[in-house]
Amino acid sequence: MRRTADGCERSFSELYDRYGQRMHNYFYRMLWQDVRIAEDFTQDLFLKIIEKRAYYDPEKRFSTWIYTVAGNMVKNEYRRVSRKKPLPEMKDILEENFSENIDNVVFENQLNKALDNLDDVQKQCFILRYQEEMSMKEIADIIGCPEGTVKSRLFYTVKKLANNLRVFAGVF
Amino acid sequence: MEKKLEQLLLEKKFQALTAEEKYYVTEKIEEAEYDRLHLFLKESKKSLQNTPAINTALKNNLLTAFRQQHINNTHKRQPAIVRLMRHRIPAWQAAAVIALLLSVHFWVQKDPIIIEKPETVYVHSTDTIYKEVSMPVPTTENPATKPPSRINVKPTSKSSPWKNEEAIVASADSASLKYEAAQVPDSFNLMVSHPRGKSATQTADLWHLLEEVY
């Protein structure tokens, strides 16, 4: 990142190769699994890195910094869209889609919908932990809360999601 | 969620746990709930890996933007003083610098540095000038004109000089008082020692005589 800040194009390219897909995945999952929105946000994020590269604090880990910036962008988007996309009730979804031939695709859809029904911070914790595979400490740094809070939030979120998707338990 | 519990949930079914692990798990959650969470986490992790690939054109757009931004920055290079003023440092570093400056300031005020310089000092001194003058001496033994006898302190022959020490000291004190009581000019006091063998009165007379002559 220091080299990028000094205007090195190769280092910026390297940075994009490392984090481009990851940030795209993050935005995709956080912003209603919409590929177009995810691409727009990924582009905006890297443009911010280009324009505001002087504001990067070298004492912090780059991954923590970039996820913090991405998290703030997501929060702003949630705020901008006063109401999230209308989501059907969980019960209805399950009743509608449940069948004996249920497969992973269906589960994924249900999981995405269940995630969208979560509180923003719970959702962020869950995705950072199980999609981005970050440590509790890193998540705590990104969200800006103690590590213990992240642990308890995660446990509560996992229990809640598993409870909502318990109908799939016998099928896995 | 504790790390150990999470790790077990991600890796093993309840039946695959060791006795020790089962004991640990059942202290936290029930067996049925453990299996449900285990299946959920396993499937969720699998599902979360299914994400669409990013558009390859995005990288080219960003690299073009990066180049453009770099060119703009090169043209708009700020003066060194502005860049220096904008340079950010941690708060503790700023505090440390201020503390250092203050301590140096107080240290300098406490112990001022004294530099010794050699300097020539001119001392104005006046020497006493003696001049021999011939003067008439009275021949008659007139007691009125006879000068008082010189004050002299001598131990008596009868007693040992060290036995009558207090008397000697008293005599010396009285002689000293008489000498001081004598009216002598101020300049006389400047002399290191008065002429020996003459009393103060005699010396005063001599002084008056010298004044008349000159």
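Colleague: Why is Glu133(A) called exposed?

Modeller: Glu133(A) has 12 other C-beta atoms within 10 Å. A residue is exposed if 12 or fewer other C-beta atoms, placed from the backbone, lie within 10 Å of its own, buried if 20 or more do, and partly exposed in between. Glu133(A) is therefore exposed. This is a predicted model, in which local features need pLDDT of at least 70, side-chain atom pairs count only at pLDDT 80 or more, and totals for chains, interfaces and linings use all residues. Residues are numbered from 1 along each chain as its sequence is written, and chains are lettered from A and ligands numbered from 1 in the order in which they are written.

Colleague: What makes Gln33(A) partly exposed?

Modeller: Gln33(A) has 18 other C-beta atoms within 10 Å, so Gln33(A) is partly exposed. Phi of Gln33(A) is near 50 degrees, a positive value in a residue other than glycine.

Colleague: How do you know which residues form the contact between chain A and chain B?

Modeller: Two residues are in contact if their C-beta atoms, placed from the backbone, lie within 7 Å. The contact draws 35 residues from chain A and 29 residues from chain B.

Colleague: What is the confidence in chain A?

Modeller: The mean pLDDT (the predictor's confidence in each residue, from 0 to 100) of chain A is 82, and 81% of the residues score at least 70. Over residues 87–101 of chain A, however, the pLDDT is below 50. Where pLDDT is low, the predicted coordinates should not be read in detail.
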